[in-house]
Amino acid sequence: MDDKALIQVKNVRKVYRMGEEKVIALDDVSMDIYRGEIVCFLGTSGSGKSTFLNMVAGLEKPTRGEIIIGGIQVHKLDEEMVTLFRQKNIGFIFQSYNLLPMLTTLENITLPLIFRNVDKRRRTAMAKEAMKAVGLEGYERRRPTQMSGGQQQRVGIARAIVGHPKIIFADEPTGNLDSHTTKEVMEIIVKMVRENNQTLIIVTHDRTISEYADRVVTIQDGNILDIQVKNQNGGSNEQCQ
Ligand code: ADP
Ligand code: MG
């Protein structure tokens with residue numbers, strides 16, 4: 001056991017250039033996140049939450065700074081390597097669910113496994129297990145338009161967890177849901193993450209979400225304003241393999 005964090009974010013800055021204009025989406029963000037932790041980034045619209053998440057997930061490259069996950073320098077990986085890294089280690093939950101409308105629930109959930117070359121029999125078995133975990137048994141053949149927002153987000157959660165990634169990123173996962181469904185969806189996400197000792201980074205403008213986190217990071221104008229510890233035992237110091 002050592003004290004290395006699973007995710008190390010070091011002096012990350014992101015500047016978008018639009019013609020003459022410069023937008024500093026992230027100014028200078030440093031943060032260590034430990035395995036098994038649930039960390040909530042709280043901030044108003046435009047504070048840099050999505051930019052932060054996309055940067056840590058390797059979807060975008062920082063202008064400056066380092067992102068190290070399980071010892072791997074994610075910011076240095078090329079497109080192909082970062083895609084493989086994401087497929088192996090990261091699950092994503094989106095505000096608007098991002099389900100493919102032509103696909104059934106079962107097909108949407110098995111999609112990440114197809115990219116990982118899991119054979120069909122195993123794909124179906126894993127997807128059914130994930131569906132059971134989120135309470136969607138019997139919905140295999142439904143399409144997204146035939147389901148409520150809460151049900152669609154449960155498909156989104158199942159798709160994020162189906163390959164047992166070490167890290168789950170969620171960008172405003174309850175942004176399109178009412179307060180009752182928000183609670184339901186958050187409880188499912190937290191239960192899954194805890195059971196599988198996964199690490200969850202969730203970004204939101206909704207203060208009620210912070211109740212589910214071990215640490216709450218307030219972000220404003222591209223900087224960390226404050227870090228509040230809610231549950232000391234949330235994460236461990238174990239390094240990822
Ligand atoms: P949040 O998710 O907290 O609402 P974002 O990370 O999406 O905030 O955006 C932070 C800032 O960066 C905003 O001012 C936004 O307009 C700007 N921004 C985000 N993405 C881009 C982009 N691709 N091009 C230019 N500006 C961007
Ligand atoms: Mg956002």
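Predicted model: local features only at pLDDT ≥ 70, side-chain atom pairs only at ≥ 80, totals over all residues.
Does Val-29 count as buried or exposed, and at what relative accessibility?

View 1. Val-29 counts as buried because its relative accessibility is 1%, below the 20% under which a residue is called buried. Arg-13 is 16 residues away from Val-29 along the chain, and the C-alpha atoms of the two are separated by 6.7 Å.

**View 2. The shell of residues around ligand 1.** Ligand 1 is surrounded by Tyr-16, Met-18, Val-23, Ala-25, Thr-44, Ser-45, Gly-46, Ser-47, Gly-48, Lys-49, Ser-50 and Thr-51. By class, the shell consists of four nonpolar residues, seven polar residues and one charged residue. Strand S1 (7-18), strand S2 (21-33) and helix H1 (49-56) each contribute at least two residues to the shell. Helix H1 provides the largest share, with three residues.

**View 3. Polar atoms of the protein beside the oxygen atoms of ligand 1.** For Gly-46, a backbone N or O atom lies 2.7 Å from an oxygen atom of ligand 1. For Gly-48, the corresponding distance from a backbone N or O atom to an oxygen atom of the ligand is 3.1 Å. Ser-50 takes part through its side chain, a polar atom of which lies 2.9 Å from an oxygen atom of ligand 1. Taken alone, ligand 1 exposes 560 Å², and 62% of that area is buried by the protein.

**View 4. The open sheet of six strands.** The strands follow the order S6-S7-S8-S3-S9-S10, and their pairing is mixed. Strands S6 and S10 (223-229) stand at the edges with a single partner strand each, so one side of each is left without a neighbour in the sheet. On average, neighbouring strands of this sheet are turned by 15° against each other, direction ignored.

View 5. Strand S6 comprises residues 90-93, and strand S7 comprises residues 167-171; the two pair in the parallel sense over four bridges. Ile-93 has Ala-170 of S7 as its bridge partner. Which residues point one way from strand S6, and which the other way? Ile-90 and Phe-92 point one way, whereas Gly-91 and Ile-93 point the other way, and all are buried.

**View 6. Asn-11, a non-glycine residue with positive phi in strand S1.** Asn-11 has a positive phi of about 45° although it is not a glycine. The residue lies in strand S1. With a relative accessible area of 42%, Asn-11 is partly exposed, because this value falls between the 20% limit for buried and the 50% limit for exposed residues.

**View 7. Asp-221, a non-glycine residue with positive phi in a loop.** Asp-221 is not a glycine, yet its phi is positive, at about 45°. The residue is located in the loop between strand S9 (215-220) and S10. Asp-221 counts as exposed because its relative accessibility is 58%, which is over the 50% limit.

Technical notes:
Residues numbered from 1 in each chain as written. Chains lettered and ligands numbered in written order. Heavy atoms only, no water. Near = heavy atom within 4 Å. Polar contact = N/O pair within 3.5 Å; in protein donor to acceptor, adjacent residues only side chain to side chain. Areas by Shrake-Rupley, 256 points an atom, 1.4 Å probe, with all protein chains shown as cover. Nonpolar A, V, L, I, M, F, W, Y, C, P; charged D, E, K, R; others polar. Buried < 20%, exposed > 50% of the residue type's maximum accessible area, 1.4 Å probe, protein only. Pairing = 2+ DSSP bridges. Axes fitted to C-alpha atoms, helices over the stretch in contact; angles between N-to-C directions.
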